[in-house]
Amino acid sequence: HHLALMQEQAQRMSRLVAQLLSLARNEPTTVRKLVLAPLDLSKLAFDVTMEWVPEAYRKHIDLGFEGVEPHAMIRGDAPRLTELINNLLDNAIRYSRRGGRVTVRVATRPTPRVSVSDDGPLIPVEERQRVFERFHRLLGSHADGSGLGLAIVQEIAALHGAMITLAEDSDGLGNTFTVAFPLP
């Protein structure tokens with residue numbers, strides 16, 4: 001029992017260290033040169049989403065993907081965008097209710113975009129900008145986390161000239177985070 005607790009704490013600490021390093025690595029003032037290459041946002045988002053299927057299944061969450069044809073082409077840095085989508089999915093799955101749903105959508109109009117919708121607690125309008133601040137966590141949230149994931153998402157989006165928005169999900173349950181990229 002004690003070994004399991006130690007392992008859980010070590011994993012938590014490892015994740016925090018990785019997030020702090022990511023935050024430092026993605027600060028616009030520290031990135032010397034970012035090489036943006038043509039990238040299929042649909043394929044990247046699909047591949048990242050599929051990696052989260054076991055975790056979603058473990059938490060009894062219906063994880064879905066809605067892509068587009070033709071594929072959404074952008075100019076981007078694949079490792080950083082993978083990290084961006086991973087952070088959005090981690091938050092969505094972490095905060096969604098058991099038996100809830102998380103949906104990743106990729107669209108091309110009006111600009112290429114990726115959205116992640118969840119069944120988590122609705123983020124109040126007055127908190128929607130603050131959730132992107134470092135270490136900010138909503139009061140009453142009981143899920144583990146450091147409050148760094150969305151700050152990392154915002155910095156990676158900024159590096160790509162993208163804009164991130166947060167709105168109430170279209171079905172009235174949960175939230176939708178959308179990252180809209182400039183036209184290639």
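Predicted model: local features only at pLDDT ≥ 70, side-chain atom pairs only at ≥ 80, totals over all residues.
Residues are numbered from 1 along each chain as its sequence is written, and side-chain values use heavy atoms, with hydrogens and water left out. Local features need pLDDT of at least 70, side-chain atom pairs count only at pLDDT 80 or more, and totals for chains, interfaces and linings use all residues.

An open sheet of 5 strands has the order β2-β4-β5-β7-β6, with mixed pairing. Strands are DSSP runs of E of at least two residues, and helices are runs of H or I of at least four, numbered from the N terminus. Pairing requires at least two DSSP bridges between two strands. β2 (62-66) and β6 (163-168) are the edge strands; each has a single partner, so one side of each lacks a neighbour in the sheet. β2 and β4 run parallel and are joined by 5 bridges. Phe65 stands opposite Val104 in β4.

Thr103 also lies in β4 (residues 101-107). Beyond neighbours within four places in sequence, Thr103 contacts Gly64, Glu66, Ser115, Val116 and Ser117. Contact means heavy atoms within 4.5 Å.

Helix α2 (residues 41-51) packs on helix α4 (residues 78-95) at about 50 degrees, with axes 10 Å apart. Axes are lines fitted to C-alpha atoms, for helices over the stretch in contact, and angles between N-to-C directions run from 0 to 180 degrees. In α2, Leu44, Ala45, Val48 and Thr49 meet α4 residues including Leu81, Ile85 and Leu89. α2 also lies across β2, β4 and β5 (113-117), at about 170 degrees to β2.
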